[in-house]
Amino acid sequence: MPQSWLPDRKSSGQASLLGTFLQASDASVAELMAAMPFDLLCADAEHSPFDAAAVRRVAAVCDGQAKPLLVRIAEPGYLHCAQALDAGAAGVLAPRVSNAETARAVVSACRYPPQGNRGVGPGRAAHYGKTVPAYVNQAREHTLVAVQVETSEALAALDEILAVDGVDLIFIGPNDLALSLTGALDASAPPVEKAITDIFQRSRVAGRMTGIFASNAADAARRADEGFDLVLLASDLMFLAGGGAGAINEFQRLRRER
């Protein structure tokens, strides 16, 4: 599976990875997005209709184009982690991780013994049972475990979360963080930007990679310049909506000029 990028990105100071969310669970959309020069894709099973079967289909498409796939699971539970990884995901992004206990549970679900308690199964990642030993060895080295810090509770418990062995990457959800800290959907508000900087700096000191969502290209470039290891830029459906709105606006402009 296309996971060889992970070991090269675990140290601070590497160039940022650029990815995007998949909201549409259709394999054709995934195929189109996988052909674009993103470093990776992230299937959003938290906010979009990705069940286990849809994740498996999308993972197969991404493997066919050597595009690593992360899965933002629906919630930080064992079953969601296991199903995503057994389907062939390169890693898991766990939302709503607000304390060390939840972070430890995610790590345990994603790591095989003795580091965790992930079960061995004949899933797609192990070629339906044909390559189980090889896959277990590979997964131990290359599975990315990322947790989202997006609440005031997570910010208060950040040191404890960072101390959890096996967490590779701290991912910031700016919109949810803004709502939690200020009650308003304004990720550019000074308290939110201060919190983002604080999370970034403390994560780096703790030796963790950092990631963040960006809704537009300018914001994504700014975050990459700041040193984030992973930037997820918008989503497939956001690109669809933006392209459609742009075409309509251009059509109306040209009609007015005639």
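1. Strands E6 and E7 (residues 209-214) run parallel and are joined by 4 bridges; two strands count as paired if DSSP finds at least two bridges between them. Helices (H or I, at least four residues) and strands (E, at least two) are DSSP runs, numbered from the N terminus.

2. The model is a predicted one, in which local features need pLDDT of at least 70 and side-chain atom pairs count only at pLDDT 80 or more, whereas totals for chains, interfaces and linings use all residues. Residues are numbered from 1 along each chain as its sequence is written, and side-chain values use heavy atoms, with hydrogens and water left out.

3. Strand E6 also pairs with strand E5 (residues 144-149), in the parallel sense and over 4 bridges. Phe171 of E6 is the bridge partner of Gln148.

4. Strand E6 (residues 169-172) is covered on both faces: Leu169 and Phe171 are buried on one side, Ile170 and Ile172 on the other. Buried means under 20% relative accessible area, with a 1.4 Å probe and protein chains only.

5. In helix H3, the buried residues are Ala54, Val55, Val58, Ala59, Val61 and Cys62. Viewed down the axis of H3, they fall within an arc of 160 degrees (taken from the directions from the helix axis to the C-beta atoms), so they line one face of the helix. These buried residues pack (heavy atoms within 4.5 Å) against strand E1 (17-22), helix H2 (27-34), strand E2 (40-44), strand E3 (69-72) and helix H4 (78-86).

6. After H3 comes Ala66, with a positive phi near 55 degrees.

Terms used: Buried means under 20% relative accessible area, exposed over 50%, partly exposed in between (1.4 Å probe, protein chains only).
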